[in-house]
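Subject: Structure handover

Hello,

Here is the structure I said I would pass on. My notes follow below it.

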Amino acid sequence: MTTQNQPPSMHESLLDVSGKKIFVAETGDGPPVLLLHGGGPGASGVSNYGRNIAELAKEYRVIVPDLPGYGRSTKGVDGSDPFGYLADHIRGVLDRLGLDKAHLVGNSYGGACALRLALDTPDRVDRMVLMGPGGIGTTRALPTPGLHSLLDYYSGDGPSRPKLEKFIRTHLVFNAAGVPDSVIDTRYQDSIDPEVVANPPLTRPKSLRTVWKMDFTRDKRLERLPVPTLVLWGAADGVNRPGGGRMLAERMPNCDLYMVANTGHWVQWERAELFNSLCADFLAGRR
C-alpha cells in the first residue's frame, strides 16, 4: 500500500491499448512478471506493491500497470464483462511490450484479471500467483460484509474518508493499527478523482448473466488450465472468503494453496517478507 520501499529508478510509460491509455511502471531485469493490483477505492499498481517491487526486481523484470479505471490509466470498465475487459487490456500491455509470455501476480480484482487472462489465453502465461482473487464461488454464497462495503463506496451518500477508513481497517487487513493514516489519506484523494466518481471501475453486476460469468468456479476451463498456480489467501480475509482457496485447489490441476495465518485481504502488504520469498521461489520453479 505504501511506496516507502519503492525503488527510485522505475521507468514509467503510457501505453496505447485498444485506444485506451494504460500506465505502466517497471524495473529490474530477468523473466517478466506483471503485478496486478486490487480493485479497492483509490488503488493503483505501485502503491499496492510498494513492499514487494524492490525485492522481486532483484531477480525479475517487474512490470506494474495501473488497471483500466485506476491510477493514471484511462477510466472506465465494461460492466457487462469486467474481468474480460481487464484481461484484454493487460494482454494488450504484453503485446505492446513485445512479450509473448509472462508471469502474472494478481491480488483481488487483479487476481481475477490474471485468472481470466490465463483461461482465455493460457499460452501467454508462464506461472501465476493469486492472492485472495475475486470471482471465486461468488454465486455459491452471499457477498461478505467487506465486499458489500467495497461495492457500496461510491453509492448512497458517495465516497468519504470515514467510509474508506472503515473499509480498510475493518475488512481489508487483520491488524488495523498497522495501517498508517497517510495510506488512507492518499487512497482517499485518489478515490475522489472526478472521472472515477463519475464512472467507478468496480460496481455491482447489473445482470444475472454477468454474475454467472464473474464466478470462475462455473467455468469448465478451470479444470483444464495448465498454468502452474500458487494461491495465497489470508485466513482472516474479510473481502473474499478464504474458502475460495480450497475451491481453486480442488478444481485446478496445477494449483498449490498456502493459507496465511493472522492475515487479511492484503497478503502482499501485511506479510510482505513471506510473500516476497514464496512468490520469487514459485515463479522461479524452486517450489
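Is Glu 165 buried, partly exposed or exposed? With a relative accessibility of 23%, Glu 165 counts as partly exposed. The cut-off for buried is under 20%. Please bear in mind that this is a predicted model.

Salt bridges

Glu 165 pairs with Arg 169 in a salt bridge whose closest N and O atoms are 2.8 Å apart. Both residues belong to helix H6 (residues 161-172), where they are four residues apart, about one turn of the helix. In general, an α-helix has 3.6 residues a turn, so residues three or four places apart point the same way.

In total, the count of salt bridges comes to 20. Another of them joins Glu 59 to Arg 286, with 2.7 Å between the closest N and O atoms. Glu 59 sits in the loop between helix H2 (53-56) and strand E4 (61-65), and Arg 286 in the segment after helix H12 (272-283), so this pair ties together parts that are 227 residues apart in sequence. Both ends are partly exposed: Glu 59 has a relative accessibility of 30%, and Arg 286 has 48%.

Arg 91 and Asp 120 also form a salt bridge, and here the closest N and O atoms are 3.9 Å apart. This pair links distant parts of the chain, as Arg 91 is in helix H3 (residues 82-96) and Asp 120 in helix H4, 29 residues apart. Arg 91 counts as buried, at 13% relative accessibility, whereas Asp 120 is partly exposed, with a relative accessible area of 28%.

Arg 91 and Asp 120 are also part of a network.

Helix H10

The other item concerns helix H10, which spans residues 243-251. Which of its residues are buried? Gly 244, Gly 245 and Leu 248 are. Around the axis these three cover an arc of only 105°, which means that they are on the same side of H10.

What covers the buried residues of H10? The cover includes two strands given here with their ranges, E7 (229-234) and E8 (255-260). It also includes strand E6 (125-131) and helix H4 (109-120).

Regards

Definitions and conventions
Residues are numbered from 1 along each chain as its sequence is written. This is a predicted model: local features need pLDDT of at least 70, side-chain atom pairs count only at pLDDT 80 or more; totals for chains, interfaces and linings use all residues. Side-chain values use heavy atoms; hydrogens and water are left out. Buried means under 20% relative accessible area, exposed over 50%, partly exposed in between (1.4 Å probe, protein chains only). The arc is that of the directions from the helix axis to the C-beta atoms. Contact means heavy atoms within 4.5 Å. A salt bridge is a side-chain nitrogen of Lys or Arg within 4 Å of a carboxyl oxygen of Asp or Glu.
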